[in-house]
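Dear colleague,

Please find below the structure that I am handing over to you. My findings follow it.

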Amino acid sequence: MLKEVIEEFEDIVEFNVQGESNVKAYFSDELGLTNVPTGVIEFYEEYDGARLSINDVFSLEEIKQELEDFDIFLKAMGLNPDTDKYVPIANDGMGGYYAFLSNSDEETIYYLDHEFPDNINSYESFEDFLRDICEMDADL
């Protein structure tokens with residue numbers, strides 16, 4: 001399903017094709033994460049982020065950089081970074097983030113909007129998230 005989403009939008013979205021050969025090791029060894037959604041792993045095995053008109057799906061290095069100060073964002077949202085282990089994978093271009101929970105084995109991608117911290121929206125999978133942001137981009 002991920003491949004279908006990428007094929008559908010590859011003419012309008014810049015997918016960075018330098019995928020990492022051992023993504024699981026990067027997430028566990030470099031970032032200290034054990035639970036990463038399957039769709040996230042599959043994406044980064046082929047691509048190293050994507051650039052859209054407004055949103056960016058982060059490269060692996062950008063994820064690492066964003067994690068350095070992400071606790072500040074989570075605290076501002078009223079979340080506890082010690083129990084809410086969100087990992088940012090994309091931004092919305094307006095101060096919000098898309099993230100997964102690294103202390104859960106679920107596939108859900110969450111949208112954390114700093115303007116509405118009590119209303120955390122979610123996507124069932126990375127594929128659903130990617131399709132949605134690509135469709136929004138196509139409508140611009």
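A nonpolar core is a set of buried Ala, Val, Leu, Ile, Met, Phe, Trp, Tyr and Cys residues joined through side-chain atoms within 4.5 Å. Please note that this is a predicted model. In it, the largest nonpolar core comprises 47 residues, and F27, F43, F129 and L130 have the most contacts inside it. Two or more residues of this core come from each of the helices α1 (2-9), α2 (23-30), α3 (38-46), α4 (60-76) and α5 (126-138), and likewise from each of the strands β4 (86-91), β5 (97-101) and β6 (109-112).

What does F43 touch, if residues up to four places away in sequence are not counted? Its contacts are L2, I6, F15, G49, A50, V57, F126 and L130.

Two of the helices also deserve a description. The axes of α2 and α3 lie 8 Å apart, and the helices pack at an angle of about 110 degrees. Angles of 65 to 115 degrees count as roughly perpendicular, and α2 is therefore roughly perpendicular to α3.

Turning to the strands, 7 of them form an open sheet with antiparallel pairing, in the order β1-β2-β3-β4-β5-β6-β7. At its edges are β1 (14-15) and β7 (121-123), each of which pairs on one side only. Within the sheet, β4 and β5 run antiparallel and are joined by 5 bridges. The bridge partner of N91 in β5 is Y97.

Yours sincerely

Methods: Residues numbered from 1 in each chain as written. Predicted model: local features only at pLDDT ≥ 70, side-chain atom pairs only at ≥ 80, totals over all residues. Heavy atoms only, no water. Buried < 20%, exposed > 50% of the residue type's maximum accessible area, 1.4 Å probe, protein only. Helix = DSSP H or I, 4+ residues; strand = E, 2+ residues; numbered from the N terminus. Contact = heavy atoms within 4.5 Å. Pairing = 2+ DSSP bridges. Axes fitted to C-alpha atoms, helices over the stretch in contact; angles between N-to-C directions. Parallel < 35°, antiparallel > 145°, perpendicular 65-115°, else oblique.
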